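Visitor: I am new to this structure and would like a close look at one part of it. Please start there and then go on to other parts.

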Amino acid sequence: MLYDPARHETRRSIPWDEVRVRRAIADIVQDTEARFEPDRYWPVHPLDIDGDEDPAQAVTPLYHGACGVIWALHHLQSVGAARLSRSYAGELDRLLEHNRAWLAANECRDFGSFLMGDTPILLLAQAMQPTAQRAERLAALISANMDHPARELMWGSPGTMLAALFLHEHTGEERWAELFRATAARLWSQLQWSTQHACSHWIQDLYGQHSTYLDAVHGFVATALPLIRGRHLFEARIWADWNDCIVNTVERTVTRDGVQANWRPLLDPPQGRSVPMLVQFCHGAPGFVVCLAQLPGTSLDPLLSAAGETVWAAGPLKKGSNLCHGTGGNGFAFLKLFRRTGHPQWLERARGFAMHGIEQWQADTAKYRQMRYSLWTGDPGFAIYLWHCLHGTADFPTLDVY
């Protein structure tokens, strides 16, 4: 089977209600602003405490901490979804110091990381108030991260390649395009060939293990996303090689079942270990659709639509309404398919997941007696998803827009 039904809920048939959706966005923003404390930022949610982490320590990264919440609040204001009571731009220099402390507490020095390190904080500060000094620091981080052994979006060079692309889009400066191309060239040189599967892939040296992830955070399609978005920066022949590589690996690794399709998390699971098929943004069909949605041409369209059918058949996730491994992230696959194909059923399905997600958000807030203040794993990210459902747009936060 392409998914485990035990990980999903039966979708509730709740009519689309624009008033309720707008109220949910407003409530999330209002509560998030009300719970802000200088230096402490936002209360850590129990589900975002990893292992023996101190729950009193401020969590700072873009992925699940203060940087992501600040980005989400300002983004919601910039698109007209909210009006903030204050600006958080003045918090960013101090946030950088606190993020260094957070990394140190986790025995990590990966300052270049796009989802966990200094790079997104500097990128946000540079967007709000550009300085030459900050630009130099960003260039140094992107360059230093080029040989990171993870070769994935969260920690490795694909994430900082995406940062270089955002900087080029904002400034038009050639040096960011050069860093983007140099990172891509290094990644091309690091590709491995699987004789068994007749496709290219990367080996990720991540968390003390060597893996062959295919997914939309740590894997192959996560790296494909910035390459696809920045394809205009390549010579035609270079992009053609990348396009062929991406299409071949996606086609060679898919599992089909009738009108549905999904991808296993790893190209080669560890020997003797069973790895379940998942349907969530970070592993499985939803992330493949989101990461590949801007690929030119129609060669993958049947697979992407089949992946969307899998997401719909599986139903909302039990892990809540969030983006990374929840209902909102899965719903983004429908929004991407709506933008790619124009078929209204995909927008209807996205809105169906939105209404179910609102129920999940309200139930979880009552259960834990607090919201989940996080971009990728919590409620501000879900609010962005709701906004896109209102407008039929599909810019995935911090991957499509920064």
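Visitor: In which helix is the place of Gln-77?

Guide: The model is a predicted one. In it, Gln-77 belongs to helix α2, which covers residues 66-78. With a relative accessibility of 32%, Gln-77 counts as partly exposed, because that value falls between the limits of 20% for buried and 50% for exposed. Apart from neighbours within four places in sequence, Gln-77 is in contact with Ala-82, Arg-83 and Leu-84. Val-29 is 48 residues away from Gln-77 in sequence, and their C-alpha atoms are 9.7 Å apart in space.

Ser-113 sits in the loop between α3 (92-105) and α4 (119-128). Its relative accessible area is 0%, so Ser-113 is buried. Leaving out residues up to four places away in sequence, Ser-113 touches Asp-118, Thr-119, Pro-120, Met-154 and Trp-155.

The largest nonpolar core has 141 residues. Phe-114 is among those with the most contacts inside this core, together with Trp-42, Trp-242, Leu-292, Trp-376, Tyr-385 and Tyr-402. In soluble globular proteins, nonpolar side chains tend to be buried together. Beyond four places in sequence, Phe-114 touches a list of residues including Leu-62, Pro-120, Leu-123, Leu-153 and Met-154. Others on that list include Gly-159, Thr-160, Leu-162, Ala-163 and Phe-166, as well as Thr-398 and Tyr-402.

Thr-398, one of the residues that Phe-114 touches, is placed in the segment after α14 (379-391). Thr-398 counts as buried because its relative accessibility is 0%. Its phi is near 65 degrees, a positive value in a residue other than glycine. Arg-151, in the loop between α5 (132-144) and α6, is another non-glycine residue with a positive phi, near 50 degrees.

The segment after α14 contains Phe-396 as well. Phe-396 has a relative accessible area of 0% and is therefore buried. Neighbours within four places aside, Phe-396 is in contact with Phe-281, Val-290, Leu-323, Phe-332, Lys-336, Trp-376 and Val-401. Trp-376 has already been named among the core residues with the most contacts. Val-275 and Phe-396 are 121 residues apart along the chain, with 27 Å between their C-alpha atoms.

Now to the packing of helices. Helix α6 (residues 157-171) packs with helix α8 (residues 220-229) at an angle of about 20 degrees, and their axes are 9 Å apart. The angle makes α6 roughly parallel to α8, because angles under 35 degrees count that way. The crossing of α6 past α8 is left-handed. On the α6 side, the contact is made by Pro-158, Met-161, Leu-162, Leu-165, Phe-166 and Glu-169. On the α8 side, Thr-223, Leu-225, Pro-226, Leu-227 and Arg-229 take part. By class, this contact has eight nonpolar, one polar and two charged residues. Leu-162 and Phe-166 of α6 are also among the residues that Phe-114 touches.

α8 packs with a further helix, α9 (residues 236-253), at an angle of about 150 degrees, with the axes 11 Å apart. That makes α8 roughly antiparallel to α9, because angles over 145 degrees are counted as such. The crossing of α8 and α9 is left-handed. Phe-220, Val-221, Ala-224, Leu-227 and Ile-228 of α8 make the contact with Trp-239, Trp-242, Cys-245, Ile-246, Thr-249 and Val-250 of α9. It has 10 nonpolar residues, one polar residue and no charged residues. Leu-227 takes part in the contact with α6 and in the contact with α9.

Another helix pair is α11 (residues 301-314) and α12 (residues 327-341), whose axes come within 10 Å and cross at roughly 145 degrees. Their crossing is left-handed. Asp-301, Leu-304, Ser-305, Gly-308, Val-311 and Trp-312 of α11 meet Asn-330, Phe-334, Leu-337 and Arg-340 of α12. By class, the contact has five nonpolar, three polar and two charged residues.

Note on methods
Residues numbered from 1 in each chain as written. Predicted model: local features only at pLDDT ≥ 70, side-chain atom pairs only at ≥ 80, totals over all residues. Heavy atoms only, no water. Axes fitted to C-alpha atoms, helices over the stretch in contact; angles between N-to-C directions. Helix = DSSP H or I, 4+ residues; strand = E, 2+ residues; numbered from the N terminus. Parallel < 35°, antiparallel > 145°, perpendicular 65-115°, else oblique. Left-handed = near helix turned anticlockwise from the far one by under 90°. Contact = heavy atoms within 4.5 Å. Nonpolar A, V, L, I, M, F, W, Y, C, P; charged D, E, K, R; others polar. Core = buried A, V, L, I, M, F, W, Y, C linked by side-chain atoms within 4.5 Å. Buried < 20%, exposed > 50% of the residue type's maximum accessible area, 1.4 Å probe, protein only.
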